[in-house]
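Reader: I am new to reading protein models. May we begin with burial and then turn to the overall form?

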Amino acid sequence: MYICTMYSRELLKGILKPIILKLLSENDKMYGYEIVQTVKHISDNKILIKEGSLYPALHSLTKEGYLTVESRMMGNRIRKYYSLTDNGKTQLSPVIQELTDFSQTLDKLFNLKTALS
Amino acid sequence: MRIDNHQLSAIKTFLKNEGVTNVQLRDDLTDHFGCVIEECMRDGKAFEDAFYMARDRIAPDGALQIEKDLNYLLTVNREIMIRKIVFIMGYFSAYTIILSIALYLPGILDANTSGLVAMAGMLLFSISVLPFYFYLWYKKSIHQFKEA
């Protein structure tokens, strides 16, 4: 299920948690719908996070201690805002570094292929 | 445009009927349904149409599937660890039983000692592997019963 997107689903497996961590590092706190809409907007509709993947990932990150939850009443319903814990902030840097490094390696690899061909 | 209490109640009833029991997840999904429905209603759709659109968008495989995925994510590491331990215990118990026989037959161990070693292996098997096996069997039969 993971992420519905213009890109192959296989390509994007495993980057949902880094996306959530990165978004929350740039925004103090966010709720689920807001995360989906923000990713959709930033990626020019290329990455549409499926709710069926988002909430398991958010709850899993919360259990792992990377996120904290704050419930607020919004009109007649409860809205849960997720934010990074100190542990989550610490985790962010290596995760982003790993993804950036991976992206650069892919870039190098495919440029090399192009050069060879 | 915000959904009213009656409409909110319809969302909660839907999630309850779908079998979502995790309260935290239910709150998340209720709010998410509310946001999507309000977005559709702002585009001029009636609540019923907006609700069905939200359902197809948020939970195309059913809301319970989201809870199942959540439970899987939360327990997968623990389940793998338990299986590892049980398999290791199973291996050691089988090894101990075989060892007791292998050492008894050529006369390296006497009957009493090899009996004790075999008993230790059987004890290990009965307190580690058997309970796990029956627990899995129980879970499978409950699952089959619910599916039926």
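Author: In chain B, 32% of the 148 residues are buried, where buried means under 20% relative accessible area, exposed over 50% and partly exposed in between, with a 1.4 Å probe and protein chains only. This is a predicted model, in which local features need pLDDT of at least 70, side-chain atom pairs count only at pLDDT 80 or more, and totals for chains, interfaces and linings use all residues. Residues are numbered from 1 along each chain, chains are lettered from A and ligands numbered from 1 in the order written, and side-chain values use heavy atoms, without hydrogens and water.

Reader: What radius of gyration does chain B have?

Author: The radius of gyration is taken over C-alpha atoms, and the globule rule is 2.2 Å times the number of residues to the power 0.38. For a compact globule of 148 residues the value would be near 15 Å, but chain B has 27 Å. Its C-alpha trace spans about 90 × 25 × 20 Å along the principal axes.

Reader: How many helices and strands does chain B have?

Author: Helices (H or I, at least four residues) and strands (E, at least two) are DSSP runs, numbered from the N terminus. Chain B has five helices and zero strands.

Reader: Which residues of chain B does UniProt list for "transmembrane region"?

Author: UniProt positions follow the numbering used here, feature names are shortened, and annotations may be inferred rather than shown by experiment. The unreviewed UniProt entry lists residues 85-105 and 117-138 of chain B. Residues 85-105 are 95% helix, with end C-alpha atoms 30 Å apart; residues 117-138 are 100% helix, with end C-alpha atoms 31 Å apart.
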